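Work through the exercises below with the structure open beside you. Try each task before reading its solution.

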Amino acid sequence: MIYNIRGENLDVTDALKDYVEKKLEKLTRYFTTPTEAQTAYVNLKVNNEKQKVEVTIPMPNLLLRAEDINGDMYAAIDLVVDKLERQIRKHKTKLNRRGRAKEGGIGEYFKTLEGPEAEAPVYEEDEAELELVRTKRFTLKPMDTEEAILQMDMLGHAFFVFSDAETGNTNVVYRRKDGRYGLIEPE
C-alpha cells in the first residue's frame, strides 16, 4: 500500500509515520487484490490540545474513510484503524448477506474470513442498524445554493437536497461540524 501522510500544524516524524504505516498495514489482510497500487491518504492535524486523524482509502466502487479526534495522536490513529476495520467488516457482512460478493462486484476486493486462516472474525451487524424507518418523497425545486442553505436553516435540518437552477443537477448542501456549509454535487 502507498501511504500519503500529511501533517497540519505538526512535523510528521519517522516514528509517527512508521506507526501509521504499521497500523494501516493490518487492513491489507482484508483485501484479495494486491494493495501495492492502493493509496491510503492520511491527514494528521494538531489544533489546540486536540489531535485529529483522517484516513481515506479510495477503492473501486467503495470509499473507506474514517476520522477521530483525541488528546493523544497515537490513540487517535488506533481508533481510526478500528473504525476502518468495522467499515470493512460491515461491508463484507452486507455483501455476503445480500449475495453480492460475486465476481465483478466489490466483494472480490475482500478476503473471506472463514476457516482456521482467519485473522479476525466477521461480526454480524445489528439488524436494527440497517432498518429503514421512514421514506420521504418531495419535489425538487430549482434554486441556487444560497437559497438552499436558507431553506435548510429555516427547516432546522443538517442537510437539504435541491435542484441547481443553473445546471439542473441534484445537489446537497449540508452543515459541517465546524458550523460552516458544504455542497455535494455530481461530476
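## Overview

The protein has three helices and eight strands. The model is predicted. Along the sequence, the elements follow the pattern β-α-β-β-β-α-β-α-β-β-β. Of the 187 residues, 33% count as buried. Take contacts between residues at least 6 apart in sequence: 44% of them join residues at least 24 apart.

## Exercise 1: Helix H1

Task: Check the span of helix H1 (residues 14–25), then find which residues in H1 are buried.

Solution. 

Step 1. H1 holds 12 residues. At 1.5 Å a residue, H1 should span 16 Å. The end C-alpha atoms of H1 are 16 Å apart, which agrees.

Step 2. Look for residues under 20% relative accessible area. In H1 these are Leu 16, Tyr 19, Val 20, Lys 23 and Leu 24.

## Exercise 2: Salt bridges

Task: How many salt bridges does a search of the whole structure find? Then place some of them.

Solution. 

Step 1. The search finds 13 salt bridges.

Step 2. Take Arg 29 and Glu 85. Their side chains meet in a salt bridge at 2.7 Å, N to O. Arg 29 lies in the loop between H1 and strand E2 (39–47), and Glu 85 lies in helix H2 (residues 73–98), so the pair ties together parts that are 56 residues apart in sequence. Glu 85 counts as buried, at 7% relative accessibility.

Step 3. Take Glu 8 and Arg 6. Their side chains meet in a salt bridge at 3.8 Å, N to O. Glu 8 is partly exposed, with a relative accessible area of 29%. Arg 6 is also partly exposed, with 47%.

Step 4. Take Glu 54 and Lys 52. Their closest N and O atoms are 3.3 Å apart. Glu 54 is buried, at 14% relative accessible area. Salt bridges that share partners join Lys 45, Lys 52, Glu 54, Arg 65, Glu 67 and Lys 177 into one network.

## Exercise 3: Gln 51

Task: Is Gln 51 buried or exposed, and which residues is Gln 51 in contact with?

Solution. 

Step 1. Gln 51 sits in strand E3 (residues 50–59).

Step 2. Its relative accessibility is 15%. The cut-off for buried is under 20%. Gln 51 therefore counts as buried.

Step 3. Leave aside neighbours within four places in sequence. Gln 51 is then in contact with Lys 45, Val 46, Asp 68, Ile 69, Asn 70, Gly 71, Asp 72, Met 73 and Ala 76.

## Exercise 4: A sheet and helix H3

Task: Give the strand order of the open sheet, then find what the buried residues of H3 pack against.

Solution. 

Step 1. Four strands form the open sheet, in the order E5-E6-E7-E8, with mixed pairing. Strand E5 (142–143) and strand E8 (181–184) stand at the edges with a single partner strand each, so one side of each is left without a neighbour in the sheet.

Step 2. Strand E7 (residues 170–175) pairs with E8 in the antiparallel sense, over four bridges. Arg 175 stands opposite Tyr 181 in E8.

Step 3. Helix H3 (residues 145–155) has Ala 148, Ile 149 and Met 152 as its buried residues. Seen down the axis of H3, they fall within an arc of 100°, so they line one face of the helix. On the other side of H3, Glu 146, Leu 150 and Met 154 are exposed.

Step 4. The buried residues of H3 pack against E5, strand E6 (159–164), E7 and E8.

Step 5. Gly 156 follows H3, and its phi is positive, near 75°.

Terms used:
Residues numbered from 1 in each chain as written. Predicted model: local features only at pLDDT ≥ 70, side-chain atom pairs only at ≥ 80, totals over all residues. Heavy atoms only, no water. Helix = DSSP H or I, 4+ residues; strand = E, 2+ residues; numbered from the N terminus. Expected span 1.5 Å × (residues − 1). Buried < 20%, exposed > 50% of the residue type's maximum accessible area, 1.4 Å probe, protein only. Salt bridge = Lys/Arg side-chain N within 4 Å of Asp/Glu carboxyl O. Contact = heavy atoms within 4.5 Å. Pairing = 2+ DSSP bridges. Arc of directions from axis to C-beta.
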